[in-house]
Amino acid sequence: MSLKQKIISLVILLIISSCNKKTITGYSSLDENKKGELANWYHEMSNYFLQPSELYRIYKDSALVVQPNNVDLRQRLSYSYKKVGEHIKAMEVLNKAVEIDTANGKTDALEYRAWTLLYYYRDYEGVIRDVDLIEKITGNSYNSCWGEPCGFHKGQALYKLNDFKKAIETFEIVNSEEEKLGFDTNDNYMIFFYTGRCYSKMKNYKRAILFYEKSLASVKQFPEAYYQLGLIYKKLNNYKKANENFKLAKEYINYGMSEPYVERFDEVFQYMIDNELKE
Amino acid sequence: MNREFKATSFTKEIVNHVINKVSELEDFPATYSQLEWLDYKDIHAFLMFKLENGKITDLCP
């Protein structure tokens with residue numbers, strides 16, 4: 001063997017032996033801070049992709065492999081499944097997030113689930129169960145579910161289940177709790193509106209009119225309230241007043257309860273008003 | 001899916017009825033990207049039917 005060959009062989013041997021010495025460090029041996037950094041890296045990588053994309057989910061899944069108890073990441077992953085129409089998987093992921101969160105005495109994921117069960121899946125019993133659990137865990141009768149009072153969600157769920165008395169009581173609790181917090185509850189036009197809806201269903205038209213008018217005192221451009229007032233006056237055979245309100249509903253139709261993310265109950269549409277005005 | 005959000009099955013009649021009704025809708029937004037270079041699917045709008053004892057009782061959302 002020539003000197004050149006000996007040197008090459010030695011280099012190869014050195015490379016091989018150095019490779020063998022290298023130890024592979026798995027994420028499981030990392031401390032919590034390092035795991036957090038790695039999960040966050042995967043999380044940030046996922047955000048380079050569109051939320052409904054598979055790559056977004058793959059990176060979020062990778063982050064969850066490192067930090068399986070990260071509730072926030074798990075909840076965000078559920079949005080992606082929801083947005084591609086995989087609702088079973090979305091709920092499976094979200095339910096797991098809720099399970100982890102509540103086991104730690106936290107309600108963030110539960111608050112989101114209450115909101116999503118009401119506005120997306122119309123699971124009214126589920127909303128009531130979740131809001132009651134939120135109150136039990138926090139020890140407070142006033143909590144916020146994804147930007148709205150949880151009691152407002154529960155009240156709407158009770159209204160949809162035709163439990164009007166309890167719905168009204170629940171709306172009243174929201175208002176009284178907000179008063180304690182120093183809010184001006186005269187601004188709660190949605191609460192007044194759905195309280196009015198409950199009284200309408202109970203055929204207590206006098207109270208219903210009172211609450212629709214309370215909501216209109218807060219927001220003048222509220223076609224749903226005018227439409228409901230129109231229906232009541234029609235039932236009371238006051239066609240002049242009914243017509244006035246239907247006309248106002250039509251005038252303010254562009255200011256209705258239409259929202260990009262959720263579908264409100266009792267939203268009024270142009271054709272509904274036109275049908276009433278035709279009569 | 002059922003009330004526990006688990007996969008379930010429905011009769012052929014119900015499935016056909018719902019599909020026929022939905023296919024009559026004219027302004028339902030497309031689910032696939034409208035951009036040629038962007039290949040993805042996004043259901044920002046969906047219709048879900050709540051069924052009880054074989055009858056539609058609610059629409060979601």
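Contact here means heavy atoms within 4.5 Å. Helices (H or I, at least four residues) and strands (E, at least two) are DSSP runs, numbered from the N terminus. This is a predicted model, in which local features need pLDDT of at least 70, side-chain atom pairs count only at pLDDT 80 or more, and totals for chains, interfaces and linings use all residues. Residues are numbered from 1 along each chain as its sequence is written, chains are lettered from A and ligands numbered from 1 in the order in which they are written, and side-chain values use heavy atoms, with hydrogens and water left out.

## Helix packing in chain A

Start with helix H8 (residues 150-160) of chain A. In H8(A), A:Phe152, A:Gln156 and A:Tyr159 touch H10(A) at A:Met190, A:Ile191, A:Tyr194, A:Arg197, A:Cys198 and A:Lys201. By class, this contact of H8(A) with H10(A) has six nonpolar, one polar and two charged residues. Ala, Val, Leu, Ile, Met, Phe, Trp, Tyr, Cys and Pro count as nonpolar, Asp, Glu, Lys and Arg as charged, and the others, Gly among them, as polar.

Axes are lines fitted to C-alpha atoms, for helices over the stretch in contact, and angles run from 0 to 180 degrees between N-to-C directions.

| Helix pair | Angle | Axis separation |
|---|---|---|
| H8(A) (150-160) and H10(A) (189-201) | about 20° | 11 Å |
| H10(A) and H11(A) (205-218) | about 165° | 8 Å |

The angle of about 20° makes H8(A) roughly parallel to H10(A). The angle of about 165° makes H10(A) roughly antiparallel to H11(A). Angles under 35 degrees count as roughly parallel and those over 145 as roughly antiparallel.

H8(A) passes H10(A) in a left-handed crossing. H10(A) passes H11(A) in a left-handed crossing too. A crossing is left-handed if the near helix is turned anticlockwise from the far one by less than a right angle.

The contact of H10(A) with H11(A) includes A:Phe192, A:Phe193 and A:Arg197 from H10(A), and A:Phe211, A:Tyr212 and A:Lys214 from H11(A). Its residues divide into eight nonpolar, five polar and three charged.

## Pockets

A pocket is an open set of points on a 1 Å grid over the protein atoms alone, with protein on both sides within 12 Å along at least five of seven lines; lining residues have an atom within 4 Å of a point. Grid points are joined across faces, edges and corners, and a volume is the space filled by probe spheres set on the points.

The largest pocket has a volume of about 920 Å³. It is lined by 31 residues, and A:Glu263, A:Phe269, B:Phe46, B:Leu47 and B:Pro61 are the closest to its centre. Strand S2 (55-60) of chain B gives the largest share of this lining, three residues. By class, the lining has 19 nonpolar, two polar and 10 charged residues.

The second largest pocket has a volume of about 790 Å³. Of its 26 lining residues, B:Met1, B:Phe10, B:Met48, B:Phe49 and B:Lys50 lie nearest its centre. The lining of this second largest pocket has 16 nonpolar, five polar and five charged residues.

## The cavity

A cavity is a set of points where a 1.4 Å probe fits but cannot get out. A search of the whole structure finds one cavity of 30 Å³ or more. About 40 Å³ of space lies in the largest cavity. Residues lining the largest cavity include A:Ser78, A:Lys82, A:Met91 and A:Tyr112. H5(A) supplies the largest share of that lining, three residues.

Technical notes. Angles under 35 degrees count as roughly parallel, over 145 as roughly antiparallel, 65 to 115 as roughly perpendicular and the rest as oblique.
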